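Have a look at the fold, then follow along below.

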Amino acid sequence: MTAIAARARIAGYAVALGFAELRALFTPGEWLTGWLLRVLCQVIFFGLVGRSVGGGDTARYMVIGNAVLLVGFEAMFVVLSTVMERAQGTLVLLVASPTGPANVYMARGLQWVCTGTFTSTVALVAVPLVVGVPLDLSRVPLVLPLLVLTALSCYAYGCVLATVALRAPSVMWVLLNLGYLVLAMLCGVNVPTSFWPGWLEHAVGFLPLTHGLSAIRDVLDGASLAAVLPAAALELAVAAGWFALALLLTRDVMARSRADGTLDLFG
């Protein structure tokens, strides 16, 4: 078996473990009524705020932005999944394995990409009907590839945060929430990125969600997938950059933890 095949096989086991963990955390009924209903209410809330302060166009803008934000929010749960590996005492074994821990950690939370894509799709279909904003539902299937791309980009961003949380597990919730709030505030969810000063608007282009959300808005407004390829390509480049950074930081964290003897410590 080649090294690449071995790594792919181990990553596949990590993905399977993630889905098993998801089934242990939620029954279908618990997920639908406990999580999905909660986040749909969140999107409805922002849609109603938009209708109150700016009318139908603002409500539509905020509904789309917050519905797509859900795919990033769930993808970032990789922070929790990754830190739980250390809490369960598997870090020492992963570091000692021939393939190393990086491919396990990078695949550990991919189940959240799947659930996040589903959640965002449901929100894009259901919430406009509840809030009463115009949205051509026939175009929602066209944005699915862009939702998946955006989810992967946010997942890579979450993997970077997870490497920090591996060294300081006690701040994992702080990192998760601050990371999510940065995306919600800056990436065009409730206000256009052009609202920010020029230097900040350019910096936001390096964050996940920004270009993917822009492309999704354009498709829902009637643009073809070909027309949004430049924005999709930028989102893909951002994802690749965050994945590369996550890989480098994971290796650094493992080296530091091995050097200072904290591989088997949690807290």
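How many nonpolar, polar and charged residues are in the lining of the largest cavity? The class count is 6 nonpolar, 3 polar and no charged residues, where Ala, Val, Leu, Ile, Met, Phe, Trp, Tyr, Cys and Pro count as nonpolar, Asp, Glu, Lys and Arg as charged, and the others, Gly among them, as polar.

Some ground rules: this is a predicted model, where local features need pLDDT of at least 70 and side-chain atom pairs count only at pLDDT 80 or more, while totals for chains, interfaces and linings use all residues. Residues are numbered from 1 along each chain as its sequence is written, and side-chain values use heavy atoms, with hydrogens and water left out.

Back to that cavity. On a 1 Å grid over the protein atoms alone, a cavity is a set of points where a 1.4 Å probe fits but cannot get out, whereas a pocket is an open set with protein on both sides within 12 Å along at least five of seven lines; a lining residue has an atom within 4 Å of a point. Volume here is the space filled by probe spheres set on the points, with grid points joined across faces, edges and corners. The largest cavity comes to about 40 Å³, and its lining includes T82, Y105, M106 and C159. Helix α8 gives the largest share of that lining, 4 residues; α6 (102-107), α8 and α12 (229-259) each supply at least two. Helices here are DSSP runs (H or I, at least four residues), numbered from the N terminus.

The largest pocket is about 280 Å³ in volume. Of its 15 lining residues, L25, F77, L80, W112 and W173 lie nearest the centre. By class, this pocket's lining splits into 11 nonpolar, 2 polar and 2 charged.

Now for the packing around α8. The axes of α4 and α8 come within 8 Å and cross at roughly 35°, with axes being lines fitted to C-alpha atoms over the stretch in contact and angles running from 0 to 180 degrees between N-to-C directions. On the α4 side, the contact (heavy atoms within 4.5 Å) is made by V78, V79, T82, V83 and R86. That contact has 9 nonpolar, 2 polar and 2 charged residues.

Helix α7 (residues 111-131) also meets α8 (residues 144-167), their axes coming within 9 Å and crossing at roughly 135°. That makes α7 oblique to α8, since angles under 35 degrees count as roughly parallel, over 145 as roughly antiparallel, 65 to 115 as roughly perpendicular and the rest as oblique. The residues of this contact divide into 8 nonpolar, 3 polar and no charged.
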